[in-house]
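Please look over the notes that follow with the coordinates open.

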Amino acid sequence: MSSHMLCRHTRPLGAHVRVPNRRSHFVWLKLLTGLPVFLTNQMLAEQRRLVLWLPVALALGALFYFHLRQEPSVFYACGVPALMVGAAAILLWRGWQFVWPRVIGATCMAVSIGFLVAWGATHRQSPMPELPRRGVDVTGTVQAILTFAGRDDAAPARVVVLTGARFETPLDAGMLPLRRTLRLKIRADDTTKLALGDEIWSRALFAPPLFPAFPGGRDLQREAWFAGSAGSGRALDRIEVLNTGATSEGRIGSEIERLRERLDIRIRTALPDATGAVASTLLTGEATAIPRRVRQDFAASGLSHLLAVAGLHLGLVMAVLMGTARLGFALWEWAALRWPCKALSAGVALAGGVAYAVLTGLHLPVLRSLVMAAVAVLGIAVGRRVFSMRRLALAATLLVLMQPQDVLGVAFQMSFAAVMALVAGYEVLGARVARFRAAADGPVHTLLYHGTVLALTSLLAGLATLPVAMAYFGVVQPFFVLANLVAVPLMAVWIMPLGMAALALMPLHLEVFALRPMGWGISLVVHLASCVAHWPAARLAVPFMPGWGLLFVLLGLCWLCLWRQRWRLWGGMAIGAGMASPFFLTQLDILISPDGVMIAVHTNGHLFVNGHSRDAFSIQPAWEQAFARQAEPFPSGTSTPDGSLSCGEETDPDVCIFTKGAHSALLRVRDTSDGTVPLPDDVCDGMDVVISTAPLRESCPKAVRLDRFSAWRNGAQAMFLTSGSKKPNRPKNIQDTVTVITDRALRGERPWVMKPGGHGLPNLPLAPSE
């Protein structure tokens with residue numbers, strides 16, 4: 001008998017024998033071994049699109065640098081990227097014939113270069129100076145004059161941007177002029193006429209850039225660092241002009257600013273109220289005078305991009321100029337027969353686009369569009385396709401190399417997301433759209449074609465920028481397609497052509513004949529924005545989106561748009577995960593403002609806020625946007641309906657108690673003794689957390705304590721209270737009770753993170769000579 005038969009007959013009767021599922025093992029083995037082959041085949045099929053990921057890798061390197069918690073030393077910031085670039089170059093040289101060495105080597109090289117460029121851009125900036133904490137006499141040169149619309153129909157406010165400022169105090173005696181600018185708000189009753197280049201004097205009160213309103217919030221200090229700003233303030237006395245334009249004579253920038261100011265005055269003289277402010281924004285880039293109500297209506301209706309001079313406006317200007325130039329060359333028979341009229345018309349359009357970009361202030365979206373336009377003109381000259389993903393990748397690469405800090409900005413992300421979605425969308429649908437256009441056999445069909453193209457363009461751009469708007473503005477506009485379907489054609493065929501005609505007629509002082517009809521079109525758009533903004537559910541608030549959620553959205557959008565094969569659809573999963581991240585993120589329970597005098601409690605869908613901070617005008621809206629809730633005051637002498645927050649019921653009327661599960665937090669919302677009168681022991685008993693808007697000093701030593709001093713050291717503070725019960729037979733542990741997140745812990749020690757209290761580098765005078 002064989003061994004097999006022996007084993008078979010010696011098994012116990014009825015025993016269960018588990019036979020391995022060889023089929024399932026084979027499937028898993030096939031998947032594991034087939035995945036590299038699948039990825040390699042996809043890379044080979046997409047090898048002509050790999051270059052499009054160059055700006056993405058550069059941006060990832062810059063993002064990695066900006067999100068470090070500690071500023072790297074020169075060795076790590078320069079040496080390590082240089083070594084990675086060298087290793088990547090060797091990998092590319094040795095494995096150029098294979099796809100994966102090329103992908104890995106090029107990615108490592110681009111990420112290292114992006115990191116190095118971001119480090120260089122950071123250290124090219126001047127350090128933040130120490131600003132006086134009290135009223136100070138200041139002199140400086142006017143670099144720009146801004147006019148902001150007043151709140152609640154108040155008079156417009158004037159703000160001047162000062163350069164080369166000096167403080168007249170004993171501590172600052174002999175100081176060098178500030179290398180950063182200062183924004184100074186002029187008193188409402190001050191009618192002093194100012195011009196660019198004037199040297200002025202005033203007594204003013206300044207403040208450094210604000211700390212983030214909550215950990216992970218908008219970093220105004222980083223924005224000020226790269227914008228060259230030292231802070232802002234308000235004038236306490238009237239402005240006195242010391243010298244008129246002597247320091248900026250002949251400077252091109254000053255002359256352009258003067259031109260913009262004169263154009264703004266003439267436009268708003270012909271078109272008063274909101275129409276003039278919008279017209280001035282479209283033609284000069286001066287958007288500060290637009291009333292807040294109009295801004296809110298445009299934002300709620302999804303038309304806010306019309307108020308931000310960007311690629312749409314530059315494209316319309318260049319289209320008008322190119323059409324006019326081609327018509328002129330066509331009417332000139334000699335030139336039409338001998339010259340390359342198409343290329344020359346594109347050159348005329350590009351020259352006009354450059355002039356328009358300079359006139360409107362050379363903002364980032366305009367720069368991006370200008371680079372794209374230059375590449376498009378070059379493509380026309382050499383007979384290549386005008387609009388392609390490679391042109392967009394080239395523009396993005398140049399901008400990331402020149403200004404890597406813009407990768408963190410909403411303008412960069414929204415503009416490139418919109419253009420990338422448009423190019424990718426028309427790559428897929430272009431053939432069908434072309435067939436639909438070729439089949440046009442009448443005016444109705446032609447009108448339907450143009451309406452379809454406009455709707456498709458609005459839909460693609462709107463859907464691409466929707467997640468970015470969610471992350472930065474906390475809103476979703478469901479009716480943006482309908483609003484843009486009407487507003488964009490008005491802008492293209494009515495408003496911008498008349499605006500260009502008005503600029504051409506200004507030397508003849510006949511601009512009113514073009515500005516008045518332009519104002520009629522603007523009034524229609526303003527009325528449309530107001531109507532859409534007041535529709536039900538026109539503006540849906542969403543909670544704060546974490547940084548990783550926005551990263552998922554942007555990388556998923558790149559994956560969806562940059563590839564051509566079917567695996568591009570995987571990007572939709574990343575976009576969906578990023579857009580869903582705000583709704584699955586654990587919400588904070590308690591927030592403390594950067595100055596420690598405002599407290600917010602989030603409980604059961606309500607946001608309760610108490611305190612009066614000097615910066616409440618920016619802190620409270622940021623909190624409301626983060627939680628997608630309207631702020632409510634703390635209950636006075638009572639408790640909330642669910643009983644989670646009670647104030648002054650059994651204890652001091654200035655003390656509130658917040659309860660979540662088995663854990664409690666004591667909130668001292670007001671303390672007239674400035675902490676000199678300690679809290680009673682019976683009040684502190686059983687409290688896991690004690691928060692005070694004044695110094696706690698010796699109060700409640702056994703609890704987790706947060707007060708004005710801790711806010712001064714660490715900035716804004718956020719807190720999670722665990723909802724579970726306390727564990728028996730175990731000493732209380734802070735990890736079991738509360739998790740505290742501070743702004744300084746998240747941002748770390750970076751050049752733009754100011755010292756506690758917002759202190760900067762002292763303005764030391766020059767050493768005396770021998």
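1. Strand β9 (residues 590-592) runs antiparallel to β18, joined by 3 bridges. Strands here are DSSP E runs of at least two residues, helices are H or I runs of at least four, and both are numbered from the N terminus. Two strands count as paired if DSSP finds at least two bridges between them. I592 has Q717 of β18 as its bridge partner.

2. A caution on the source: this is a predicted model, where local features need pLDDT of at least 70, side-chain atom pairs count only at pLDDT 80 or more, and totals for chains, interfaces and linings use all residues. Residues are numbered from 1 along each chain as its sequence is written, and side-chain values use heavy atoms, with hydrogens and water left out.

3. β18 also pairs with strand β19 (residues 738-742), antiparallel, over 5 bridges. M719 sits opposite V740 of β19. Of the 5 residues in β18 (residues 717-721), 4 are buried, so the strand is largely enclosed by the rest of the structure. Buried means under 20% relative accessible area, exposed means over 50%, and partly exposed lies in between (1.4 Å probe, protein chains only).

4. Check helix α16 (residues 443-473). It kinks by about 35° at L466, shortly before the proline P467. The bend is the angle between axes fitted to the seven residues ending at a position and the seven starting there. Just after α16, G474 has a positive phi of about 65°.

5. How many disulfides does the rule give? The count is 2, taking a disulfide as a pair of cysteine sulfur atoms within 2.5 Å. Counting bonded cysteines along the protein chain, the pattern is 1-2, 3-4.

6. C647 bonds to C656, with S to S at 2.0 Å. This link is right-handed, at 110° about the S-S bond. C647 is buried at 3% relative accessibility. C656 is buried too, at 2%.

7. C684 and C700 form a disulfide with sulfur atoms 1.8 Å apart. The torsion about their S-S bond is about -60°, so this disulfide is left-handed. The pair links distant parts of the chain, 16 residues apart: C684 lies in helix α22 (residues 681-684), C700 in the loop between β16 (689-692) and β17 (704-706). Both cysteines, C684 and C700, are buried.

8. C558 is buried at 11% relative accessibility. C531 is partly exposed, at 33%.
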